[in-house]
Amino acid sequence: MSAEKGRRLFKKLCSHCHNISEGESHKYGPNLFGVFGKQAGSVPGYHYSEQHKNSGLQWTESNLNMYLENFKETIPGSKKKIPGVSKEEQRKDLIEFIKTTTNV
Ligand code: HEC
């Protein structure tokens with residue numbers, strides 16, 4: 001697992017829809033700063049779909065892993081219509097990176 005690799009993957013795969021630094025704006029998706037451990041749909045000021053808000057998920061390591069592998073199956077009917085990240089190694093790096101923004 002490598003937060004540094006995760007940062008680079010995030011830039012490539014996620015950053016056109018998500019910022020992830022404190023205080024930055026929301027894009028098509030919410031700013032993901034500090035989401036690790038939170039309830040899904042709890043970033044202030046972002047307009048989530050009902051399906052996402054009502055998913056009942058908490059962003060633990062295992063739930064994030066499941067979500068990143070298949071966004072659409074994990075939360076059917078959400079605004080996010082892209083394929084997931086199929087490589088487990090890449091998901092682990094991404095999660096490690098997301099964690100670092102929560103523990104600052
Ligand atoms: C095409 C745009 C897009 C891309 C690319 C994208 N996302 Fe998202 N993401 C969204 C949207 C939109 C939502 C909110 C979904 C909703 O409200 O239905 C979201 C939600 C999330 C959430 C849940 C946030 C919360 O507060 O509950 C996480 C975590 C997340 N994305 C991680 C990622 C990661 C990691 C990547 C890169 C692998 C990624 N996303 C790529 C659009 C995107």
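Author: Gly29 sits in the loop that runs between H1 and helix H2 (50–53), where helices are DSSP runs of H or I with at least four residues, strands are E runs of at least two, and both are numbered from the N terminus. This is a predicted model, in which local features need pLDDT of at least 70 and side-chain atom pairs count only at pLDDT 80 or more, while totals for chains, interfaces and linings use all residues. Residues are numbered from 1 along each chain as its sequence is written, and side-chain values use heavy atoms, with hydrogens and water left out.

Gly29 counts as buried because its relative accessibility is 6%, the limit being under 20% with a 1.4 Å probe and protein chains only. Beyond its neighbours within four places in sequence, Gly29 is in contact with Cys17, His18 and Tyr46, contact meaning heavy atoms within 4.5 Å. His18 lies eleven residues from Gly29 in sequence, yet their C-alpha atoms are 5.3 Å apart.

From His18 one can go on to Phe10, which, leaving aside neighbours within four places in sequence, is in contact with Ser15, His18, Ile20, Leu32, Leu94 and Phe97. Phe10 also belongs to the largest nonpolar core, where, of 22 residues, Phe10, Ile20, Val35, Trp59, Tyr67, Leu68 and Leu94 touch the most other members; such a core joins buried Ala, Val, Leu, Ile, Met, Phe, Trp, Tyr and Cys residues through side-chain atoms within 4.5 Å. Helix H1 (3–13), helix H3 (61–69) and helix H5 (88–100) each supply at least two residues of this core, and H5 gives the largest share, four residues.

Notes:
Buried < 20%, exposed > 50% of the residue type's maximum accessible area, 1.4 Å probe, protein only.
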